[in-house]
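Please read the points below with the model open beside them. They go from the chain as a whole to single residues.

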Amino acid sequence: AGAGERQRSGVGSRTMSASIYSTKVDAESAMTTNGRDVELLPFVNDKHGGVIIEMTTPMDPQLFSASLKSLLSKWREQGIRGVWIKLPISLANLIQSAVEEGFWYHHAEETYLMLAYWLPNTPHTLPVNATHRVGVGAFVMNDKREVLVVQEKSGVLKGLGIWKFPTGVVEPGEDINIGVVREVKEETGVCISIYVN
């Protein structure tokens with residue numbers, strides 16, 4: 001650590017959902033900026049030359065902004081490229097400070113917002129958020145060669161008397177085969193087995 005810097009001890013490793021994250025902790029507690037100590041933010045290096053700031057505790061927005069400015073300046077000198085900030089919904093008061101520094105919304109889930117920033121003066125190469133959902137349909141036939149079909153109870157086909165195969169959407173991280181079995185069970189109450197030739 002350089003002059004005016006000290007290492008934070010006792011910061012545990014983090015697990016995050018995307019594969020870009022590393023568990024190597026590089027959090028620092030303070031650095032001197034313009035003659036005053038600025039609290040630095042907890043961050044980890046990712047596997048692609050970037051860092052992830054994962055906020056977990058409340059912080060004054062002005063202190064957060066000053067800390068963010070200091071880190072961005074330091075990372076720019078170090079050749080860091082992408083910077084991510086994971087903000088839980090309980091720390092939504094810090095969003096404006098991040099956006100004012102140039103961060104943009106990358107994606108949001110029920111409990112957090114992920115913001116992104118690209119440090120080099122080049123077009124960014126950060127991955128975009130997922131843009132697709134995987135839909136499944138099941139062709140189910142029993143030993144009597146009867147085919148299982150349903151009528152929709154809601155949606156555009158409701159009340160039209162149209163019969164169709166059971167369909168649905170695979171959940172995030174769910175195997176497609178498991179999703180098909182689950183959707184058929186949910187829509188019809190029938191337990192099925194998948195046969196792959």
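1. Basis. This is a predicted model, in which local features need pLDDT of at least 70 and side-chain atom pairs count only at pLDDT 80 or more, while totals for chains, interfaces and linings use all residues. Residues are numbered from 1 along each chain as its sequence is written, and side-chain values use heavy atoms, with hydrogens and water left out.

2. Overall fold. The protein chain contains three helices and 11 strands; helices (H or I, at least four residues) and strands (E, at least two) are DSSP runs numbered from the N terminus. Their order from the N terminus is β-β-β-β-β-β-α-β-α-β-β-β-β-α. Of the 197 residues in the protein chain, 39% are buried. Here buried means under 20% relative accessible area, exposed over 50%, and partly exposed in between, with a 1.4 Å probe and protein chains only. Contact means heavy atoms within 4.5 Å. Among contacts between residues at least 6 apart in sequence, 50% join residues at least 24 apart.

3. Largest nonpolar core. A nonpolar core is a set of buried Ala, Val, Leu, Ile, Met, Phe, Trp, Tyr and Cys residues joined through side-chain atoms within 4.5 Å. The largest one has 25 residues, and Met55, Trp75, Val83 and Ile85 touch the most other members. At least two residues each come from strand 6 (51-54), helix 1 (61-78), strand 7 (82-88), helix 2 (95-100) and strand 9 (112-118). Helix 1 is the biggest contributor, with five residues. Beyond four places in sequence, the contacts of Met55 include Leu41, Pro42, Phe64, Ile85 and Leu94.

4. Leu126. Where does Leu126 lie? Leu126 is in the loop between strand 9 and strand 10 (135-137). Leu126 counts as buried because its relative accessibility is 11%. Leaving out neighbours within four places in sequence, Leu126 is in contact with Gly82, Trp84, Trp104, Ala116, Tyr117 and Trp118. Gly50 is 76 residues away along the chain, with 9.8 Å between the two C-alpha atoms.

5. Arg182. This residue belongs to helix 3 (residues 176-188). Arg182 is buried because its relative accessible area is 17%. Its side chain makes a polar contact of 2.8 Å with the side chain of Glu174. A polar contact is a pair of N or O atoms within 3.5 Å; within protein, one must be able to donate a hydrogen and the other to accept it, and residues adjacent in sequence count only if both atoms are side-chain atoms. Not counting residues up to four places away in sequence, Arg182 also touches Val169, Val170 and Glu171.

6. Asn142 and Arg145. Asn142 and Arg145 are both placed in the loop between strand 10 and strand 11 (167-169). Asn142 is partly exposed at 35% relative accessibility, and its side chain is joined to that of Glu146 by a polar contact of 2.7 Å. Asn142 and Ile192, 50 residues apart in sequence, are 9.4 Å apart from C-alpha to C-alpha. Arg145 is exposed at 64% relative accessibility. Arg145 is not a glycine, yet has a positive phi of about 65°.

7. Second largest pocket. Which residues lie nearest the centre of the second largest pocket? They are Phe139, Val140, Ser193, Ile194 and Tyr195, out of 15 lining residues.

Definitions and conventions:
On a 1 Å grid over the protein atoms alone, a cavity is a set of points where a 1.4 Å probe fits but cannot get out, and a pocket is an open set with protein on both sides within 12 Å along at least five of seven lines; lining residues have an atom within 4 Å of a point.
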